[in-house]
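Student: I am new to this protein and would like to take a close look at a single part of it. Could you guide me through one loop, and then show me what lies around it?

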Amino acid sequence: MSGVFRIIYGTVFIFVLFSCAQQPSKSDKATRSDRRSEYHVYLLMGQSNMAGRGTLTERYQEISHERVLMLDKENKWVRARHPLHFDKPQTAGVGPGLSFGLLMAKAYPRDTIGLVPCAVGGTTISKWEPGAYDEKTKTFPYDDALKRMKEAKKHGVIKGVIWLQGEGDSHPARAEQYLERIALLVERLRKETGEPRLPFVAGELGRYRNRYLLLNEKLALLPQEVPFTITVSSKGLTDMGDTTHFDSPSASEYGERFARGMLQLQRKKVQW
């Protein structure tokens, strides 16, 4: 081999070796792709007002967004539409979850929002503990939510929880224990997600029934007792005539209030 040829051969070999080193491996490409496709996942928990009971008109049925998805009953990601929940199919309607997702998508224009419906109508907070069984719906609300959360984590990151529950605990004896129970719920969820500062947004009950005020007083204390939580107001929201469930416009407005509360907590978390 002549000296000139050896020089040319060596130069080509070094160039090829350098080029290969600069190319990402297949596993690197997959990792980067996965990062781009990660969903911002939010758990929707509580009882019937989170599940949604507002009247489902054609206008509400048409609402959707290409970057707002939901984990359906079969644990598949589909475009989110009313009704999000399937706890009681015969009564499921408009709730706050979809409008929450739409505003979060607006706040994060490059990301996909993944909603995980977990609410179960008629449940007291005692049903949101490990192993607790709800006879009426034949479900384990907390355990089922954890299973869905783990499925959702395969595709994204749990970014927060929105919680709307308490009508079933609006009695003096139950209300007395409510703050302690909800604090334990937040603690368990943070442990399960591995996120000690997981944002948790709780909503007041409707102000249209006096006995709900008892729970609202407890909910107002939550941010003082548990860091990175916030309670959003139900002021001005109206029921659908049954003094229990929010009507469709109020449920939609409430979802936006939940989103603003979530964004406030997320900013606080970044600044911490």
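Student: What is the relative accessible area of K138, and is K138 buried or exposed?

Tutor: K138 is exposed, with a relative accessible area of 51%; buried means under 20% relative accessible area, exposed means over 50%, and partly exposed is in between, using a 1.4 Å probe and protein chains only. Before going further, please keep in mind that this is a predicted model, in which local features need pLDDT of at least 70 and side-chain atom pairs count only at pLDDT 80 or more, while totals for chains, interfaces and linings use all residues. Residues are numbered from 1 along each chain as its sequence is written, and side-chain values use heavy atoms, with hydrogens and water left out.

K138 lies in the loop between β4 and α6, where helices (H or I, at least four residues) and strands (E, at least two) are DSSP runs numbered from the N terminus. The backbone of K138 has a phi near 60°, a positive value in a residue other than glycine. Another residue with a phi near 60°, again positive without being glycine, is N75, which is placed in the loop between β2 and β3 and is partly exposed, at a relative accessible area of 30%.

T137 belongs to the loop between β4 (112-117) and α6 (141-152), and T137 is buried because its relative accessible area is 16%. Its side chain makes a polar contact of 2.5 Å with the side chain of D134 and another, of 2.7 Å, with the side chain of T139. Such a polar contact is a pair of N or O atoms within 3.5 Å; within protein, one atom must be able to donate a hydrogen and the other to accept it, and residues adjacent in sequence count only if both atoms are side-chain atoms. When neighbours within four places in sequence are left aside, T137 is in contact with D87, K88, V120 and G121, contact meaning heavy atoms within 4.5 Å. In the case of G121, the separation from T137 is 16 residues in sequence and 8.4 Å in space, taken from C-alpha to C-alpha.

The axes of α6 and helix α7 (residues 172-193) come within 11 Å and cross at roughly 30°, axes being lines fitted to C-alpha atoms, for helices over the stretch in contact, with angles running from 0 to 180 degrees between N-to-C directions. That angle makes α6 roughly parallel to α7: under 35 degrees counts as roughly parallel, over 145 as roughly antiparallel, 65 to 115 as roughly perpendicular, and the rest as oblique. The crossing of the two, α6 and α7, is right-handed, a term for the near helix being turned clockwise from the far one by less than a right angle, with anticlockwise giving left-handed. On the α6 side, Y142, L146, M149 and K150 meet L185, R188, L189, E192 and T193 of α7. The residues of this contact divide into five nonpolar, one polar and three charged, where Ala, Val, Leu, Ile, Met, Phe, Trp, Tyr, Cys and Pro count as nonpolar, Asp, Glu, Lys and Arg as charged, and the others, Gly among them, as polar.

On the way to α7 there is another loop, between β5 and α7, and Q165 is placed in it. Q165 counts as buried because its relative accessibility is 0%. The side chain of Q165 makes polar contacts of 2.7 Å with the side chain of D169 and of 2.7 Å with that of Y178. Not counting residues up to four places away in sequence, Q165 touches G46, Q47, T123, T124, I125, Y178 and L205.
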